[in-house]
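Open the model in your viewer and keep the selection panel at hand. The stops below follow one another through the structure.

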Amino acid sequence: MKLFHALLLALVALQSLAMADAIRQTKGSFYDAFRQLDVDLPTPNTYRTASGAPGSQYWQQRADYKIDVSLDESLQRITASETVTYTNNSPDSLRYIWLQLDQNRFAEGSAARVTEAASSKDQLSYSALARQQIYDERAHGHELTSVTDSKGKDLKYTIVDTMMRIDLPKALNPGDSHSFKIDWAFNIINNTRVGGRNGFEHFSESDTYIFFLAQWFPRLVAYTDYTGWQHKQFLGRGEFTLEFGDYEVAITVPEDHIVSATGELQNPASVLSRDQ
């Protein structure tokens with residue numbers, strides 16, 4: 001009986017160590033009791049093995065984009081339009097789709113802004129006041145002007161903070177595709193004051209701007225067999241899985257600007273000098 005008791009204690013201790021290891025963060029030494037365990041303890045099925053490798057019936061959705069975007073340097077503003085073709089390779093019939101509107105994290109009342117932690121001191125720093133001033137000067141976030149299907153008919157949609165759900169006119173069955181169009185605009189954030197992964201910086205000496213824009217277009221969130229729609233709110237931290245697809249993007253900027261972007265330039269002769 002004593003031996004059994006000792007073994008039981010040892011098993012409990014090993015289990016506790018295993019649990020502690022599972023909820024230990026890989027990006028830091030802090031303890032996270034609410035860490036999701038899907039990656040560490042996967043359940044094998046026909047779509048993926050326990051190792052995470054694709055299974056015999058693995059599938060992945062596809063989203064193709066055609067985007068036309070213009071930059072207004074004087075207003076620090078983006079105006080754009082995109083046509084998205086979404087292909088349902090899953091075995092499920094989908095009655096709606098979800099998109100990310102990452103710029104909405106800067107909007108008034110967003111989850112990111114209302115959950116910002118305040119300093120423990122009884123005084124606000126200059127940077128905190130400057131950031132609030134930027135928010136007060138003008139509105140931020142995606143301004144949607146049109147959401148239509150391929151025939152120009154309005155689509156019903158719902159925006160919840162940084163997430164947007166589009167209700168499809170009919171179920172998107174396995175193997176089918178659906179095309180829709182979104183027109184939008186947004187005021188570019190002042191990165192010097194607010195920070196983040198996108199924005200502009202103004203150089204007063206030469207009165208010039210540099211723009212770095214990430215997370216700037218409405219994009220499909222991932223739909224997978226293990227989590228369904230990945231529609232967690234974006235709080236300014238973390239990364240997201242996105243669907244593969246092709247991008248055809250036309251970028252219009254002032255004549256004295258140089259654009260750096262991923263992809264293959266289609267019209268170098270018309271936008272670059274001989275030396276460039």
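Start by selecting tyrosine 247, which is partly exposed at a relative accessible area of 42% (buried means under 20%, exposed over 50%, partly exposed in between, with a 1.4 Å probe and protein chains only). This is a predicted model, in which local features need pLDDT of at least 70 and side-chain atom pairs count only at pLDDT 80 or more, while totals for chains, interfaces and linings use all residues. Residues are numbered from 1 along each chain as its sequence is written, and side-chain values use heavy atoms, with hydrogens and water left out.

**Around tyrosine 247**

Isoleucine 251 belongs to strand 13 (residues 247-252) and is partly exposed, at 45% relative accessibility. Strands (E, at least two residues) and helices (H or I, at least four) are DSSP runs numbered from the N terminus.

The whole structure contains 10 aromatic pairs, counted where ring centres of Phe, Tyr and Trp (its six-membered ring) lie within 6.5 Å; planes under 30 degrees apart are stacked, over 60 edge-to-face, and the rest tilted. Tyrosine 65 is in strand 1 (residues 62-72) and tyrosine 247 in strand 13, so the pair ties together parts 182 residues apart in sequence. Tyrosine 65 is buried, at 4% relative accessibility.

Next, show the open antiparallel sheet with strand order 5-6-3-10; two strands pair if DSSP finds at least two bridges between them. Strand 5 (157-160) and strand 10 (219-220) are the edges: each has a single partner strand, so one side of each lacks a neighbour in the sheet.

Which strand does strand 3 join through six bridges? Strand 6 (residues 163-172), running antiparallel to strand 3; isoleucine 97 has isoleucine 166 as its bridge partner there. Strand 3 (residues 94-100) also pairs with strand 10 over two bridges, again antiparallel, and glutamine 100 is the bridge partner of arginine 219. Five of the seven residues of strand 3 are buried, so the strand is largely enclosed by the rest of the structure.

**Charged side chains**

Six salt bridges are present (a side-chain nitrogen of Lys or Arg within 4 Å of a carboxyl oxygen of Asp or Glu). Select arginine 219 and aspartate 102, whose closest N and O atoms are 3.0 Å apart in a salt bridge. Arginine 219 lies in strand 10 and aspartate 102 in the loop between strand 3 and helix 2 (111-114), so this pair ties together parts 117 residues apart in sequence. Arginine 219 is buried at 11% relative accessibility, as is aspartate 102 at 2%.

Move to arginine 165. Its salt bridge partner is aspartate 167, with the closest N and O atoms 3.0 Å apart. Arginine 165 also lies over the face of tyrosine 96, 5.0 Å from the ring centre (the criterion is NZ of Lys or CZ of Arg within 6 Å of the ring centre and within 35 degrees of the ring normal). Arginine 165 is partly exposed at 26%, whereas aspartate 167 is buried at 16%.
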